[in-house]
Amino acid sequence: MPPDNTAMEPCTDEALMRAYGQGDARAFEALYARHKGGTYRYFLRHLAGDAAVAEELHQDLWLKVIGARERYEAQAKFTTWLYTLARHRLVDHWRVRHGVALASLEDDGVAAQAEMHAVSVDDVDDGPLHATIGAETARRLVTALAEVPPLQRDAFLLHVEGGLPLDEIARLTATSGETVKSRLRYAYRRLRAALEDLQ
Amino acid sequence: MSNRDREDLREAGQDAALERAWRNGSAEQPSARVDAAILAAAHEAVADRKRVPSATPARVPPRQRWSRWAPMAAAAAVAGLAFMLVQTLPRDPERATTPAAQESAKAAAPASAKAPASARPDLAERQRVESSRVGESGRPVAQEQAAPPRVMAAPSDVPAPPAAMPAENPAGGIAAASQVPSVGSNESHSDAGAKRGAVADSIVTGAAASAEDWVAKVLALHDAGDIAAAADTLRAFRAAVPDADRHLPESLREWAESLP
């Protein structure tokens, strides 16, 4: 007799989304509670702390999730799908508000430049960070991340806020795993550099 | 997280302490207003889905209900009008000419038997020309020309021309077309021509020709090899009887389907 997984299944994001697609509103509440902070901060960090716009995009994203509830198919991780929608919404926002010049999530020139810089500073400061955790640290990290080029920032946010592993980030951004590693390496280095004097 | 993921992150320069610092210092949440709006939308979407099967019929306002039925009502009205047209248009000429046609047909039938067409080549030629005109132009032309031949056929001192038949036939083109082979000199068609004449008579004299009469006539023409006349007769049959093709025998159906 096969094991009864029904008690465990609702725990996964995919199962919750399927349950919501079948009319279980409480499943959506659980799903939203899990991911609302991550998606909101994903927008907030990319928008340099503009909370009003971040809330607008966050709301658009989740309304899109609600609208797609019956079409959702768990072919990929729910978080990959969710952050793919979030990323598309962000790129649309930049395209509409700021034109092509600032739609830099898709700007390969910026990415290439940033990655070249990452390689040049590689192995300079690669030790573990033992920074004091506090308000000053958080402020510095947020400020430093705003200075990171968009593609590197995006990889970092998808990892720390979305909880996505590297291969999912690569799939989501349609790049190779090596490119994602390079982007993350660059982002970590910039953030560590911002905290150096706190050590 | 798999070993592969850990290895990838180590290669990417992952710094667990930095990530911890990030997560501890980065805890912003959307406002309660946005949360409430999203959750309300989620509940509403599900509630709408549940409501649709049971409650929708009762909530349809009268105007909306009419707009749902309007296309079907319009289609039914169009179908009704078309049916009425099909029923009335072909039969009106029949009714208008039936009494006169009956009389003249009775007079013409024996006369045509007495005076073969070959005996009057001038009339036969005229008959051929007229009948071909009628066959091409359709019923109204034959109806317009129906009166003069009847008058000419009435006097007893004038041999009854075979042209009386097509002219008096309310079905016009049908009868005219059916006469073409019998008027000619081909003797092998004389029996078939007589048979067709009898069928045509039965259609002419009957106030309302039955489907069997039409079928018999079409069949006779078709069997006699007069396909054009058979086709004309079938068209008239279709005009008079809406489901004419259903009455046809199997042997004629394939041919009938090929006709427009």
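Across the interface of chain A and chain B, 12 residue pairs are found in polar contact, both residues at pLDDT 80 or more; a polar contact is a pair of N or O atoms within 3.5 Å, where within protein one must be able to donate a hydrogen and the other to accept it, and residues adjacent in sequence count only if both atoms are side-chain atoms. The model is predicted: local features need pLDDT of at least 70 and side-chain atom pairs pLDDT 80 or more, whereas totals for chains, interfaces and linings use all residues. Residues are numbered from 1 along each chain as its sequence is written, chains are lettered from A in the order in which they are written, and side-chain values use heavy atoms, with hydrogens and water left out.

**The interface**

Select the side of chain A that touches chain B. Its largest share, 10 residues, comes from helix 2 of chain A (helices are DSSP runs of H or I, at least four residues, numbered from the N terminus). In total, the contact (heavy atoms within 4.5 Å) takes 46 residues from chain A and 35 residues from chain B. The area buried between the two chains is about 3,600 Å², with 62% given by carbon and sulfur atoms; this is the accessible area (1.4 Å probe) lost on putting the two parts together, summed over both.

Next, display A:K36 and B:D35, whose side chains meet in a salt bridge at 2.8 Å, N to O. The term requires a side-chain nitrogen of Lys or Arg within 4 Å of a carboxyl oxygen of Asp or Glu. Three salt bridges are found across this interface.

**Aromatic pairs**

The whole structure holds 12 aromatic pairs over all chains. Rings of Phe, Tyr and Trp (its six-membered ring) pair if their centres lie within 6.5 Å; planes under 30 degrees apart are stacked, over 60 edge-to-face and the rest tilted.

Select A:F28 and A:Y32: the ring centres are 6.1 Å apart and the planes at 10°, so the pair is stacked. Both residues lie in helix 2 (residues 25–46) of chain A, four residues apart, about one turn of the helix. A:F28 and A:Y32 are both buried (under 20% relative accessible area, 1.4 Å probe, protein chains only).

Move to A:F156 and B:W22, an edge-to-face pair with 5.3 Å centre to centre and 85° between the planes. A:F156 lies in helix 7 (residues 150–160) of chain A and B:W22 in helix 2 (residues 16–25) of chain B, so the pair joins two chains. Both A:F156 and B:W22 are buried.

Note on methods. Buried < 20%, exposed > 50% of the residue type's maximum accessible area, 1.4 Å probe, protein only.
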